[in-house]
Amino acid sequence: MAFLQLQALSKRYGAVDAVVATDLSVDKGEFVSLLGPSGCGKTTTLQMIAGFVDVSAGKILLDGRDITHAKPASRGLGVVFQSYALFPHMSVRDNVAFGLKMRKVPATEIARRVNAVLDLVRLAPHAERYPRELSGGQRQRVALARALVIEPPVLLLDEPLSNLDANLREEMQFEIRRIQCEVGITTLMVTHDQAEALSISDRVVVMQAGRVTQIDAPYKLYEHPRTRFISDFVGKANLLTGDFDEFGTPQVRHIPGNGELTLSLRPEKIDLVAAGTGRLQGNILDSYFFGSQWLYRIRTDIGELTVVRRNDGSAPLGCGAAVGLDWQASLLRVLAADEVRT
């Protein structure tokens with residue numbers, strides 16, 4: 001049996017369905033991300049699990065126990081808010097110890113557990129500092145430590161990286177995963193950033209307009225998106241019109257017109273080859289440098305395509321340059337029609 005289960009979980013605000021009949025099973029020790037654009041229902045789902053929002057229909061089971069209508073405090077879950085919600089007048093040590101004191105844990109046990117968790121998040125040298133004296137990443141570690149010190153069965157993370165700059169955000173992605181793996185705690189994270197979800201999750205739950213549209217391991221989600229929305233939201237994708245050939249293999253249409261298939265082809269799966277060769281011909285419109293790679297916009301007879309090419313140290317292709325485009329047919333993905341309309 002799954003450790004955490006959502007069974008037809010729903011939330012309705014008047015005539016608006018914020019979350020619709022969501023089913024999800026999370027194993028003990030698993031790291032699962034709820035991913036989707038603003039307003040898709042992911043935060044509402046997390047808040048229902050935490051007990052901060054009432055459930056309209058459905059159930060939440062934790063280790064076989066029905067906690068659907070239990071008070072937040074009785075659930076014993078660890079929550080890290082987007083704002084961190086630290087007490088500015090308390091030191092790092094006192095912030096972390098606060099939950100244990102409210103639970104009337106003996107002082108010696110509080111000291112032991114606080115010291116252990118500060119070591120875990122690498123903040124022991126800063127135990128007597130105040131939040132205003134810490135960096136954004138350090139404040140996030142305090143919030144994590146405070147959530148973990150009560151030894152919760154589940155850790156809930158609500159957009160934990162959104163307040164950090166790009167470099168620190170990437171660093172803290174791996175730090176969160178390190179801590180989660182070391183403790184072995186079941187974790188649900190809400191994020192709108194697909195890079196965060198793909199990089200550190202065991203599975204990703206994509207939500208759109210209150211509904212779950214795909215649940216998969218990050219690699220499978222990226223390589224085999226089910227719908228046009230998922231293909232475009234999770235990474236970059238070229239969306240093409242296609243047909244089946246006589247062998248039942250999908251192929252791109254190379255003449256204008258409506259094909260029966262919508263195909264997805266990732267930009268990094270397209271090879272740039274000499275003009276006059278390959279499956280398709282085009283001309284460079286623009287190039288963008290990202291350090292480890294180049295991104296090209298290319299005009300072709302079937303429309304504008306995006307191609308990502310590894311930076312091998314050579315000069316970029318100039319605007320207007322003629323190129324051929326080639327790809328393996330097996331890398332084309334057939335997309336189902338979007339199941340949800342916003």
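**Entry 1: Between the domains**

I began with polar contacts and counted six residue pairs between domain 1 and domain 2, both residues of each pair being at pLDDT 80 or more. I can quote such a cut-off because this is a predicted model.

Next I asked which elements give two or more residues to the side of domain 1 that touches domain 2. They are helix 8 (218-223) and helix 9 (228-233). Helix 8 gives the largest share of that side, with three residues.

Then I looked for salt bridges and found that the count between the two domains is two. I also noted a salt bridge of Lys 269 with Glu 223, where the closest N and O atoms are 2.9 Å apart.

**Entry 2: Where the domains lie**

I checked the domain assignment, which gives domain 1 as 2-231 and domain 2 as 236-335. For the contact, I listed nine residues from domain 1 and 10 residues from domain 2. Taken over C-alpha atoms, the centres of the two domains are 38 Å apart.

How much area do domain 1 and domain 2 bury between them? I found about 850 Å², with 41% of it on carbon and sulfur atoms. On the domain 1 side, Tyr 222, Arg 228 and Ser 231 supply 60% of the area buried against domain 2, more than any other three residues.

I moved on to an open sheet whose four strands have the order 2-1-4-5, with antiparallel pairing. Its edge strands, each pairing on one side only, are strand 2 (16-26) and strand 5 (65-66). Helix 1 (residues 42-50) packs on this sheet and touches strand 1, strand 2 and strand 4. I noted that the direction of helix 1 makes about 115° with that of strand 1.

Looking inside the sheet, I saw five bridges in the antiparallel pairing of strand 1 (residues 4-13) with strand 4 (residues 57-62). Opposite Gln 7 I found Lys 59 in strand 4.

**Entry 3: Strand 15 and its partners**

I finished with strand 15 (residues 280-289), which is joined to antiparallel strand 18 (residues 322-326) by four bridges. Gln 281 has Gly 324 of strand 18 as its bridge partner.

Strand 15 also pairs with strand 16 (residues 293-300), again antiparallel, over seven bridges. Here Tyr 288 stands opposite Leu 295. The hairpin of strand 15 and strand 16 has three residues between the strands, and I noted that Gly 291 takes a positive phi near 85° there.

Notes. Residues numbered from 1 in each chain as written. Predicted model: local features only at pLDDT ≥ 70, side-chain atom pairs only at ≥ 80, totals over all residues. Heavy atoms only, no water. Pairing = 2+ DSSP bridges. Contact = heavy atoms within 4.5 Å. Axes fitted to C-alpha atoms, helices over the stretch in contact; angles between N-to-C directions. Domains from an automatic or database assignment. Buried area = accessible area lost by both parts, 1.4 Å probe. Salt bridge = Lys/Arg side-chain N within 4 Å of Asp/Glu carboxyl O. Polar contact = N/O pair within 3.5 Å; in protein donor to acceptor, adjacent residues only side chain to side chain.
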